[in-house]
Amino acid sequence: MIRVFVYGTLMRGGHYHQQFLTGHKFLGNGVISGYALYGLGSYPGVVPEKGEQVRGEVYGIDWKTLHKIDILEDNGSLYNRKRVRVVLADGRTTRAYVYVWNGPVRPEEKVAYEDQPWSG
């Protein structure tokens with residue numbers, strides 16, 4: 001099983017959740033450290049930022065689904081898929097893939113931790 005940490009349109013209630021993650025195992029809510037969340041219009045992005053954290057959800061998926069999400073996220077161009085440490089709500093830790101924004105961000109687009117998860 002491959003784990004993926006999602007923080008935007010792939011989360012429950014998000015625009016792409018049903019299309020990509022319905023039927024896959026929800027492993028729990030989680031937090032990643034060392035990244036900040038930015039609203040980029042109709043979708044969010046995370047970027048490395050010391051001292052920051054991002055809330056999201058972790059799912060267990062297969063390689064076929066990971067490939068589909070790679071295409072959605074334009075992996076290698078708009079986003080880069082990285083493996084990160086996630087602390088789950090129950091205190092356990094796991095490693096999961098996350099899609100890291102590969103473009104510029106503006107300070108006013110930052111979503112504070114207490115205002116997460118991103119909701120568009």
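Modeller: Relative accessible area sorts residues into buried (under 20%), exposed (over 50%) and partly exposed (in between), using a 1.4 Å probe and protein chains only. This is a predicted model: local features need pLDDT of at least 70, side-chain atom pairs count only at pLDDT 80 or more, and totals for chains, interfaces and linings use all residues. Residues are numbered from 1 along each chain as its sequence is written, and side-chain values use heavy atoms, leaving out hydrogens and water.

Biologist: Does Pro 107 count as buried or exposed?

Modeller: Pro 107 sits in the loop between β5 and β6; helices (H or I, at least four residues) and strands (E, at least two) are DSSP runs numbered from the N terminus. Its C-alpha atom is separated by 14 Å from that of Tyr 35, 72 residues away along the chain. Because its relative accessibility is 70%, Pro 107 counts as exposed.

Biologist: Which residues have the most contacts inside the largest nonpolar core?

Modeller: A nonpolar core is a set of buried Ala, Val, Leu, Ile, Met, Phe, Trp, Tyr and Cys residues joined through side-chain atoms within 4.5 Å. In soluble globular proteins, nonpolar side chains tend to be buried together. The largest core here has 36 residues, and the most contacts inside it belong to Phe 5 and Tyr 7.

Biologist: Which elements give two or more residues to this core?

Modeller: The helices on the list are α1 (17-21) and α2 (63-72). The strands on it are β1 (2-6), β2 (25-39), β3 (44-61), β4 (79-88) and β5 (93-101).

Biologist: How far is Tyr 97 from Ser 77 in space, C-alpha to C-alpha?

Modeller: Beyond four places in sequence, Tyr 97 touches Trp 63 and Leu 66, among others. Tyr 97 and Ser 77 are 20 residues apart in sequence, and their separation in space is 16 Å.

Biologist: What is the relative accessible area of Thr 65?

Modeller: Thr 65 lies in helix α2. Leaving aside neighbours within four places in sequence, Thr 65 is in contact with Phe 20 and His 24. Thr 65 is buried, and its relative accessible area is 7%.

Biologist: Which residue other than glycine has a positive phi, near 50°?

Modeller: Most residues other than glycine have a negative phi, and most peptide bonds are trans. The residue in question is in the loop between α2 and β4 and is partly exposed at 35% relative accessible area. Its name is Asp 74.

Biologist: What is omega of the cis peptide bond between Gln 116 and Pro 117?

Modeller: Pro 117 is found in the segment after β6 (110-111). The cis bond joins Gln 116 to Pro 117, with omega at about 5°.

Conventions
Contact means heavy atoms within 4.5 Å.
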